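Here is a short briefing for a first look at this structure. Keep the sequence and the 3D view side by side as you read.

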Amino acid sequence: MNICSALHLKTGLKAAVVVFLGTNCEKETKMALEMAGFSTEYVFHTEKSLQGYDLVVLPGGFSFGDYIRAGRLAKLSPVIEALKEYVKLNSGFVLGICNGFQILCEAGLLPGALIENIKTKFISEDSTLFFRGGEIIIPIAHKEGCFWADSNVIENIEKNNMVFLRYKNNPNGSINDIAGLYDSEKHIIGMMPHPERAVLSQCGLVDGTKIFEFIKAELLNFKKSGLAVKSSGKRVE
C-alpha cells in the first residue's frame, strides 16, 4: 500500500490521472490525490472510456511536446472524446492542471485560451493567489499561461462567477488576473498553478492541499445530492 494511502482517511472516491506522451507531473498528482483520500489510477491517453471514476485529472507536462500549441495535439487523443462523454453524462468532476488546463481549453470544455506569457519567457516561481476569499501560495511553471478570451467571453465568465483562482501579482498577463476557471456547471476546473507541488511541508509549501480538499468536499456533496451517474449512465439516487 502506498504510504499516502495508508496515512490518510479513505473517502470512497476514485480518481483517474490521464497520462499523455510528454506528461511529467502524473506521479506528484497521484500522490496528492492519495493524500486527500482518493483511490487513484493512471489512465493512458488511448483510453476510450472514463466511466466509473469520480474525478478525472489531466496533469501538467508537455503533451506531445507542445508542438503547434500547448494542448492542441492532445485534444485529438481518444481519451478526450471519452472525457466529453464523461462530462455529458454528468459522471463526476474534471481537473486540468497547467497543461491539463490548456488541453481543456483547446478541447472546448472550458472557454478561452492559454497563450504565450506577456514577456514571452518561461516562468517558474511561487505565486500568491486569491482563493475563496483568502490568499494561498502555489508554484507556477509555464510559458503559455496567459489566459485570453474576447470581451464577450470574459463578460460571461465574470457574470457567471466562473473564476476559480486569480493571481495577486499577475505574472503572465492573464486577462482579469485569471489563474483558474470553472465551467458553467462548476464540475470542470482548469488552473495554471501546480497544487500537487505544494502538499508536502518538506518541500516548503502546503497550500495545494486546500485545492484538493476543496474539490474532495465538493465532489462528496455532488455524490450525496444524487446527481452523479453510475457507469451505466443512470443517476445515483
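Two strands count as paired if DSSP finds at least two bridges between them. The model is predicted. Its average pLDDT is 91.

**The sheet as a whole**

- Nine strands form an open sheet with mixed pairing.
- Their order is β2-β1-β3-β4-β11-β10-β9-β6-β7.
- The edge strands are β2, residues 39-44, and β7, residues 134-142. Each of these two pairs on one side only.
- On average, neighbouring strands of the sheet are turned by 20° against each other, with direction ignored.

**Strand β1 and its partners**

- Strand β1 covers residues 14-19, and β3 covers residues 55-58. The two run parallel and are joined by three bridges.
- With β2, strand β1 pairs in the parallel sense over six bridges. Alanine 16 stands opposite glutamate 41 in β2.
- The link from β1 to β2 passes through helix α2, residues 26-35. This β-α-β crossover is right-handed.
- Is β1 enclosed or open? Five of its six residues are buried, so the strand is largely enclosed by the rest of the structure.

- Valine 43 is found in strand β2.
- Its relative accessibility is 6%, and the cut-off for buried is under 20%, so valine 43 counts as buried.
- Which residues does valine 43 contact, leaving aside neighbours within four places in sequence? They are Ala16, Val17, Val18, Val19, Leu50 and Tyr53.
- Valine 19 is 24 residues away from valine 43 in sequence. In space, their C-alpha atoms are 6.0 Å apart.

- β4 and β11 pair in the parallel sense over four bridges. Leucine 95 stands opposite isoleucine 189 in β11.
- β10 and β11 run antiparallel, joined by three bridges. Here glycine 180 stands opposite methionine 191.
- The hairpin of β10 and β11 has five residues between the strands. Lysine 186 in this hairpin takes a positive phi near 60°.
- Helix α4, residues 99-106, lies across β3, β4, β10 and β11. The helix runs at about 120° to β4.

**The nonpolar core**

- The largest nonpolar core holds 67 residues.
- Which members touch the most other members? They are Leu55, Leu83, Leu95, Phe147, Phe164, Leu165 and Ile211.
- Helix α6, residues 208-224, gives the most to this core, with six residues.
- Isoleucine 211 is in contact with Phe131, Ile136, Ile138, Phe164, Leu165, Met191 and Pro195, leaving aside neighbours within four places in sequence.
- In soluble globular proteins, nonpolar side chains tend to be buried together.

**Positive phi in loops**

- Most residues other than glycine have a negative phi.
- Isoleucine 68 has a positive phi near 70°. Its place is in the loop between β3 and α3.
- Isoleucine 68 counts as exposed because its relative accessibility is 68%, where the cut-off is over 50%.
- Asparagine 161 has a positive phi near 50°. This residue sits in the loop between α5 and β9.
- Asparagine 161 has a relative accessibility of 56%, so it also counts as exposed.

- A pLDDT of at least 70 is reached by 91% of the residues.
- Over residues 1-8 the pLDDT is below 50. Beyond near neighbours in sequence, this stretch has nine contacts in the model.
- Over residues 231-237 the pLDDT stays under 50. For this stretch the model has 14 contacts beyond four places in sequence.

Notes: Residues are numbered from 1 along each chain as its sequence is written. This is a predicted model: local features need pLDDT of at least 70, side-chain atom pairs count only at pLDDT 80 or more; totals for chains, interfaces and linings use all residues. Side-chain values use heavy atoms; hydrogens and water are left out. Axes are lines fitted to C-alpha atoms, for helices over the stretch in contact, and angles run from 0 to 180 degrees between N-to-C directions. Contact means heavy atoms within 4.5 Å. Buried means under 20% relative accessible area, exposed over 50%, partly exposed in between (1.4 Å probe, protein chains only). A crossover is right-handed if, with the strands pointing away from the viewer, the path from the first strand over the helix to the second runs clockwise. A nonpolar core is a set of buried Ala, Val, Leu, Ile, Met, Phe, Trp, Tyr and Cys residues joined through side-chain atoms within 4.5 Å. pLDDT is the predictor's confidence in each residue, from 0 to 100.
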